[in-house]
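Visitor: I would like to learn how to read some features of a protein model. Could we go through them one at a time?

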Amino acid sequence: MLLFCSIGYNTENEHTWLVSLPISLGMLVNMLLPKRIIVKSKKHLEWVARNNVCIITRSNYGVQACHIRNVFGRGDCGMGTKGGDAFVVPMTWQVHHDQHTMSELEFYCKHNINPIEICKMLAQNTTCSKINKLAMEGYYDYYIKEYADRQASAKSTLGF
């Protein structure tokens, strides 16, 4: 499917010009959304699990690095797949199990947590240079705001 993107210029005393460019819907989506960066880092996963407490119970026993699956808001993860290791939070296995019994967005709304903010804080302190570099470059900032907007919408719908 092709769309036509028009770029124009118009003032009262100037000539009017218009350029129509054919673009595909996929090109338009890629122009509007930031590029997804999927980073895999075993070092970061181990650091999150070993050096942090659960974000819900504040316990340090049985902590796992739990991936946030619904980060990009456009079907980034399918069933049985994970996003990048830049988006993980520490949880005990019991809390992690509870998180999988409901929708991810509902779980974080229930606990009034924006997990992307926690991911950014962890990324700023991690020993993994790849993930730390993303945090220093401001990679998480767009996703924090976007996730907060989705949570606000979900809270009004779910009645939290």
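Visitor: Where do Asp149 and Lys145 lie, and how many residues apart are they?

Guide: This is a predicted model, and in it both residues belong to helix α7. They are 4 residues apart, which is about one turn of the helix. Their side chains meet in a salt bridge, with 3.1 Å from N to O.

Visitor: Are Asp149 and Lys145 exposed or partly exposed?

Guide: The cut-off for exposed is over 50% relative accessible area. Lys145 is exposed because its value is 53%, while Asp149, at 44%, is partly exposed.

Visitor: How many salt bridges does a search of the whole structure find?

Guide: The search finds 4. One of them joins the side chains of Asp141 and Lys120, at 2.7 Å from N to O. This pair links distant parts of the chain: Asp141 is in helix α7, Lys120 is in helix α5, and 21 residues separate them. Asp141 has 39% relative accessibility, so it counts as partly exposed. Lys133 and Glu137 form a salt bridge too, with their closest N and O atoms 4.0 Å apart. Glu137 is exposed, its relative accessible area being 54%.

Visitor: Let us turn to the cysteines. How many disulfides are there?

Guide: A disulfide calls for two cysteine sulfur atoms within 2.5 Å. The search of the whole structure finds 0. As for accessibility, Cys109 counts as buried at 3%, and Cys119 counts as buried at 1%.

Visitor: Next, the strands. How do β3 and β4 run, and how many bridges join them?

Guide: They run antiparallel, and 5 bridges join them. To judge how enclosed a strand is, look at its buried residues. In β3, 4 of the 5 residues are buried, so the strand is largely enclosed by the rest of the structure.

Visitor: Which residues touch the most other members of the largest nonpolar core?

Guide: That core has 35 residues, and the ones touching the most other members are Ile68, Phe87, Val89, Met91, Tyr108, Ile116 and Tyr140. Several elements supply at least two residues each: α2, β3, β4, α4, α5, α6 and α7. The largest share, 6 residues, comes from α7.

Visitor: Which residues is Met91 in contact with, leaving aside its neighbours within four places in sequence?

Guide: Beyond those neighbours, Met91 is in contact with Cys54, Ile55, Gly62, Val63, Gln64, Cys66, His96, Gln99, Phe107 and Tyr108.

Visitor: Where are Arg58 and Asn112 found?

Guide: Arg58 is in the loop between α2 and β3. Asn112 is in the loop between α4 and α5.

Visitor: And are Arg58 and Asn112 buried or exposed?

Guide: Arg58 has a relative accessible area of 59%, so it is exposed. Asn112, with 58%, is exposed as well.

Notes: Residues are numbered from 1 along each chain as its sequence is written. This is a predicted model: local features need pLDDT of at least 70, side-chain atom pairs count only at pLDDT 80 or more; totals for chains, interfaces and linings use all residues. Side-chain values use heavy atoms; hydrogens and water are left out. Buried means under 20% relative accessible area, exposed over 50%, partly exposed in between (1.4 Å probe, protein chains only). A nonpolar core is a set of buried Ala, Val, Leu, Ile, Met, Phe, Trp, Tyr and Cys residues joined through side-chain atoms within 4.5 Å. Contact means heavy atoms within 4.5 Å. Two strands pair if DSSP finds at least two bridges between them.
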